[in-house]
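Me: I'm new to this one, so please show me the structure and then let me ask about it piece by piece.

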Amino acid sequence: MQNFKTSKLETVYCVVVFMRRVAIVGVGMSKFGEHWEKGFRDLIIEAGVQALQDGNLKGEEIDALYGGTMAAGRLIGQEHITALIADYMGLNPIPATRVEAACASGGLALRQGFMAVASGLHDVVVVGGVEKMTDVSTAEVTTALGGAGDQEWELFMGATFPSIYALMARRHMKEYGTSVEQMAAVSVKNHLNAAKNKFAQFQKPVTLEEVLESKEVSSPLKVLDCSPITDGAAVVILASLEKAKKYSDCPIEIIASAQASDTIALHDRKSLTELKATQIAARKAFQQAGVSAKDVDVAEVHDCFTIAEIMAIEDLGFVEKGKGGKATEDGFTALNSDVSVNTSGGLKGCGHPVGATGVKQAVEITWQLRGKAGERQVKNAELGLTHNVGGSGATAVVHLFKKC
Amino acid sequence: MKSGSALTWRLIPNRYRLIGSHCETCKENFFPTRPVCPSCRRKGKMVEKKFKGEGKIYSFTTVQVPPEGFELEAPYVLAIVELSEGPRVTAQVVDCSENDLGFGTPVEMVFRKIQEEGKEGLIHYGFKFKIKK
Ligand SMILES: [Zn+2]
């Protein structure tokens with residue numbers, strides 16, 4: 001630590017770290033949904049093979065693998081999953097590292113891959129996210145996902161993830177007048193986008209009435225306010241910008257990567273209507289890239305529950321605190337509106353295979369910035385954002401992307 | 001989640017007797033016990049503190065879809081309660097429906113069975129709340 005007690009000038013030199021520019025050169029994903037016919041390894045290999053083909057890469061060109069999964073141990077009884085993935089993808093003997101941060105596991109795996117390339121340690125890395133959730137009962141999934149919160153002081157008391165977000169929703173309704181109709185509008189928008197995405201779990205739009213009349217899970221949240229139980233995998237391949245140009249005519253550069261942490265239990269936070277970790281990660285990401293929330297054309301945000309998207313668009317700075325419900329109702333975040341939010345269908349419509357979500361977000365943004373998102377293409381999309389949250393907000397990670 | 005008897009035994013001071021921490025440096029209270037004050041870090045001085053078990057409803061919901069071990073309890077009211085000494089806790093509110101609750105409703109702790117691990121497993125006890133008359 002003594003080295004830091006130097007002159008101001010030297011301190012400045014310390015923080016100007018040399019980082020290489022990093023870009024996405026290949027992406028792939030499995031269809032998201034209930035895949036009784038496919039196992040964990042089938043899903044991740046399907047996504048991995050697509051990504052390698054997309055980037056026109058050979059296995060021997062890969063230097064390392066980072067994999068995000070939340071609860072393979074609970075859901076399929078398998079730990080040590082990145083060794084398994086490297087084995088089945090034929091990537092041995094490269095280093096393969098698992099990253100876990102509940103629902104943000106995928107986003108953190110992406111950040112680990114980004115740092116590995118940015119640092120100069122590796123030139124080309126595979127980042128995967130995967131979760132196989134339908135091999136066990138709903139009650140077991142509920143318990144496993146509960147592990148994203150505080151086991152001893154939330155889950156032990158009977159809290160579930162929907163109930164934790166319900167506690168936030170109630171406060172948001174009280175403090176800002178957010179309505180159940182405004183929350184339902186998030187679900188309607190995201191299902192509409194999902195219907196245009198052949199990889200999405202849900203292929204049909206839903207109406208406001210259908211959301212409002214769906215069965216209550218934890219008041220005020222209903223089934224159609226909640227992301228579903230999903231099997232799925234997503235993979236992106238990263239390379240240094242120099243190498244990226246060799247593999248792809250349209251590499252998508254990651255221009256910022258930022259992460260923050262907060263208390264594990266929701267009740268330990270001063271406010272239940274904001275995620276501080278999101279606010280901090282977003283601020284840092286915008287600083288790194290020298291852009292602002294207004295510049296973002298397309299964003300994949302963490303809508304594990306409808307109230308989560310309302311808080312996300314506020315915490316990311318797209319709208320003022322408290323105005324997220326109204327903005328959604330007014331169409332501010334609809335496809336090709338002010339900022340297109342969750343064009344993939346989000347966690348709500350596309351599905352939420354927990355560890356895969358953060359990587360899937362990067363796949364969707366890549367397609368959008370390449371102009372290859374088909375029916376759900378955002379016009380002239382130049383700047384993209386992904387926002388992935390772990391638990392009730394104890395982890396948040398934000399990435400920014402731009403066409404090279 | 002099935003938990004061993006050592007874990008259950010270890011948490012008895014917190015779950016049965018409401019023991020938490022008080023930081024003598026910044027005067028903030030914490031529940032449950034924390035070895036390090038998150039605000040003062042190394043400058044903090046943590047001592048044991050027993051909480052009275054009185055508080056107010058800060059937020060609330062009714063859980064309709066329970067996790068394993070709570071199947072027989074659902075639906076139940078779950079709340080974040082702000083204790084009179086400052087910290088907030090997550091717990092069930094018994095002998096009422098959510099229609100009886102509002103933000104700020106005064107509640108007091110009661111000692112209850114929280115969950116059972118099947119017919120022959122451990123029975124876990126701890127605190128819940130009820131409306132203060
Ligand atoms: Zn202190």
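Reply: Helices (H or I, at least four residues) and strands (E, at least two) are DSSP runs, numbered from the N terminus. The model is predicted, so local features need pLDDT of at least 70 and side-chain atom pairs count only at pLDDT 80 or more, while totals for chains, interfaces and linings use all residues. Residues are numbered from 1 along each chain as its sequence is written, chains are lettered from A and ligands numbered from 1 in the order in which they are written, and side-chain values use heavy atoms, leaving out hydrogens and water.

Me: In what order do the 10 strands of the open sheet in chain A come?

Reply: The pairing in this sheet is mixed. Its edge strands are β3 (96-99) and β10 (340-341) of chain A, and each of them pairs on one side only. Reading across, the order is β3-β2-β4-β7-β1-β8-β12-β11-β9-β10.

Me: Is A:Val126 buried or exposed?

Reply: A:Val126 belongs to strand β4 of chain A. Beyond its neighbours within four places in sequence, it is in contact with residues including A:Ile62, A:Leu91 and A:Val236. Buried means under 20% relative accessible area, exposed over 50%, and partly exposed in between (1.4 Å probe, protein chains only). At a relative accessible area of 2%, A:Val126 is buried.

Me: How many salt bridges does a search of the whole structure find?

Reply: A salt bridge here is a side-chain nitrogen of Lys or Arg within 4 Å of a carboxyl oxygen of Asp or Glu. Over all chains, the search comes up with 27.

Me: How many residues apart in sequence are the parts that A:Asp123 and A:Lys243 tie together?

Reply: These two form a salt bridge, with the closest N and O atoms 3.6 Å apart. A:Asp123 sits in the loop between α5 (105-118) and β4 (124-131) of chain A, and A:Lys243 in helix α11 (residues 241-247), so the pair ties together parts separated by 120 residues.

Me: Are A:Glu309 and A:Lys189 buried or exposed?

Reply: Their side chains meet in a salt bridge of 2.8 Å, N to O. A:Glu309 is in helix α13 (residues 306-315) and A:Lys189 in helix α9 (residues 180-194) of chain A, 120 residues apart. Both of them are buried.

Me: Over in chain B, why is one side of β2 and of β3 left without a neighbour in the sheet?

Reply: Three strands form an open, antiparallel sheet there, in the order β2-β1-β3. β2 (29-30) and β3 (46-50) of chain B stand at the edges, so each has a single partner strand.

Me: Which residue takes a positive phi in the hairpin of β7(B) and β8(B)?

Reply: Nine bridges join β7(B) to β8(B), and the strands run antiparallel. One facing pair is B:Val110 and B:Lys128, the latter in β8(B). The hairpin has six residues between its strands, and the residue with a positive phi near 70° is B:Gly118.

Technical notes
Two strands pair if DSSP finds at least two bridges between them. Contact means heavy atoms within 4.5 Å.
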